[in-house]
Amino acid sequence: MEERMMKNHSITLYNRSSGVVTGVRDVISFDLNEIILDTEQGILMIHGEELHVTRLTVEKGEVELEGVVDSMVYSDNGSSREEKGSIIRRLFH
């Protein structure tokens with residue numbers, strides 16, 4: 001099993017209309033009402049209106065977003081890809 005050092009994870013949100021999320025491993029999906037990110041602290045679901053990923057920097061693990069943010073919710077942080085896959089299957093099943 002491969003062990004990785006956990007990177008820092010943070011969320012900076014300005015007036016509920018723009019923000020930056022760091023410690024992002026992957027962008028799972030996004031549309032105008034929801035952005036789902038795999039972060040160092042678990043799956044992060046961002047709900048709102050007119051949401052857009054304005055910049056993705058894979059090397060740094062950063063995502064910039066714009067739109068009206070209504071909520072941000074974390075799901076359980078699985079320790080392996082298989083566990084994460086099961087979370088995603090539960091979200092979309």
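Surface patches are made of residues with over 30% relative accessible area and no salt bridge, nonpolar side chains being joined within 5 Å. In this predicted model, Ile11, Leu13 and Tyr74 form such a nonpolar patch on the surface, with about 230 Å² of accessible area together. Ile11 belongs to strand 1, which covers residues 10-14. The relative accessible area of Ile11 is 31%, and this residue is therefore partly exposed.

The largest nonpolar core comprises 11 residues, namely Val21, Val24, Val27, Ile35, Leu37, Leu44, Ile46, Leu51, Val63, Leu65 and Val69. Two or more residues of this core are given by each of strand 3 (24-30), strand 4 (34-39), strand 5 (42-57) and strand 6. Nonpolar side chains tend to be buried together in soluble globular proteins.

Four salt bridges are found in a search of the whole structure. One of these pairs Arg16 with Asp70, with 3.1 Å between the closest N and O atoms. Because Arg16 lies in the loop between strand 1 and strand 2 (18-22) and Asp70 in strand 6, this pair ties together parts that are 54 residues apart in sequence. Arg16 is partly exposed at a relative accessible area of 44%, and Asp70 is likewise partly exposed at 46%.

A salt bridge is also formed by Glu40 and Arg25, whose closest N and O atoms are 3.3 Å apart. Glu40 is placed in the loop between strand 4 and strand 5 and Arg25 in strand 3, so the pair ties together parts that are 15 residues apart in sequence. Glu40 is buried, with a relative accessible area of 3%, whereas Arg25 counts as partly exposed at 25%.

Arg55, Glu62 and Glu64 are linked in a network of salt bridges. Between Arg55 and Glu64, the closest N and O atoms are 2.6 Å apart. Both residues are partly exposed, Arg55 with a relative accessible area of 31% and Glu64 with 27%. Glu62 lies in strand 6 (residues 62-74), and a polar contact of 3.3 Å joins its side chain to that of Arg55. At 18% relative accessibility, Glu62 counts as buried, because buried means under 20% relative accessible area. Besides Arg55, Glu62 touches Val21, Thr22, Leu56 and Thr57, residues up to four places away in sequence not being counted.

How values were computed
Residues numbered from 1 in each chain as written. Predicted model: local features only at pLDDT ≥ 70, side-chain atom pairs only at ≥ 80, totals over all residues. Heavy atoms only, no water. Patch = residues over 30% accessible without salt bridge, like charges linked within 9 Å, V, L, I, M, F, W, Y side chains within 5 Å. Areas by Shrake-Rupley, 256 points an atom, 1.4 Å probe, with all protein chains shown as cover. Salt bridge = Lys/Arg side-chain N within 4 Å of Asp/Glu carboxyl O. Helix = DSSP H or I, 4+ residues; strand = E, 2+ residues; numbered from the N terminus. Buried < 20%, exposed > 50% of the residue type's maximum accessible area, 1.4 Å probe, protein only. Polar contact = N/O pair within 3.5 Å; in protein donor to acceptor, adjacent residues only side chain to side chain. Contact = heavy atoms within 4.5 Å. Core = buried A, V, L, I, M, F, W, Y, C linked by side-chain atoms within 4.5 Å.
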